[in-house]
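Hello,

Here is the model I promised to pass on to you. Have a look at it first, and then read my notes on what turned up.

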Amino acid sequence: MNRRLLIVFVFLMGINWFYAQRPAKDRIKALKVAYLTEQLSLTKEEAQQFWPVYNEHEDALEDIRKKERQQFGSRFEDMSNVSENEAAKMIDRYINLQAEKLEIENEFIKGLQGVIPSKKVIQLFRAENNFKKRLLQQYRKRQGGG
């Protein structure tokens, strides 16, 4: 009986540890969803239309970030071995990614205007910035930096 209890206890602790190790990205996303929903005071109908548009936008931006990391991540650390020609090509790729990001942002804003009032679109920008600030403050607090 004690052995079964010990096995069950170890199993439960393992499950608890597993969920505690869930990527911080998922936890942050859940907090962001709750925060934005509260800040925007979305109606049920607005939320049903808003979140698919918002999530598609976030996925598109994440794809751009992945491209940036792949193309530029370690390359910018040591530029001593990069030729002028390679650097010029890197700049061109960077400009193209920034243009792609701007196009994604413009499409997102236009898409949102068909889903929620323009006033809430502006509130979204403010709420996202405030969320980022709070997240950074919490990170610094946990790191002992303020």
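Which hand does the crossing of H3 and H5 have? The crossing of H3 and H5 is right-handed. Under this convention a crossing is right-handed if the near helix is turned clockwise from the far one by less than a right angle, and left-handed if anticlockwise.

Before we go on, some background. This is a predicted model, in which local features need pLDDT of at least 70, side-chain atom pairs count only at pLDDT 80 or more, and totals for chains, interfaces and linings use all residues. Residues are numbered from 1 along each chain as its sequence is written, and side-chain values use heavy atoms, with hydrogens and water left out. Helix names follow DSSP runs numbered from the N terminus (helices are H or I, at least four residues; strands are E, at least two).

**How the helices pack**

Two packed helices are described by the angle between their axes and the distance between the axes. Axes are lines fitted to C-alpha atoms, for helices over the stretch in contact, and angles run from 0 to 180 degrees between N-to-C directions.

Let's begin with H3 (residues 44–72) and H5 (residues 118–142), whose axes are 14 Å apart at an angle of about 50°. H3 and H5 are therefore oblique to each other (under 35 degrees counts as roughly parallel, over 145 as roughly antiparallel, 65 to 115 as roughly perpendicular and the rest as oblique). On the H3 side, the contact (heavy atoms within 4.5 Å) is made by Glu 46, Phe 50, Tyr 54 and Glu 58, and on the H5 side by Lys 120, Leu 124 and Glu 128. By class, these are 3 nonpolar, no polar and 4 charged residues. Here Ala, Val, Leu, Ile, Met, Phe, Trp, Tyr, Cys and Pro count as nonpolar, Asp, Glu, Lys and Arg as charged, and the others, Gly among them, as polar.

H3 also packs with H2 (residues 24–40), at an angle of about 140° and with axes 13 Å apart. H2 and H3 are therefore oblique to each other, and their crossing is right-handed. Among the residues in this contact are Lys 29, Val 33 and Leu 36 of H2 and Phe 50, Trp 51 and Tyr 54 of H3. The contact of H2 with H3 divides into 6 nonpolar, 2 polar and 5 charged residues.

With H4 (residues 84–113), the axis of H3 comes within 10 Å and crosses at roughly 175°. That makes H3 roughly antiparallel to H4. Residues that meet here include Phe 50, Tyr 54 and Leu 61 in H3 and Tyr 94, Leu 97 and Ile 104 in H4. The contact of H3 with H4 has 13 nonpolar, 4 polar and 6 charged residues.

**The pockets**

A pocket is found on a 1 Å grid over the protein atoms alone, as an open set of points with protein on both sides within 12 Å along at least five of seven lines; a 1.4 Å probe is used, and lining residues have an atom within 4 Å of a point. Points are joined across faces, edges and corners, and a volume is the space filled by probe spheres set on them.

The largest pocket holds about 630 Å³. Its lining has 22 residues, with Lys 25, Ile 28, Lys 32, Glu 58 and Arg 65 nearest the centre. H3 gives the most to this lining, 9 residues. The classes here are 8 nonpolar, 3 polar and 11 charged.

The second largest pocket holds about 430 Å³. Of its 13 lining residues, Ile 28, Leu 31, Leu 135, Gln 138 and Arg 142 lie nearest the centre.

Enjoy exploring!
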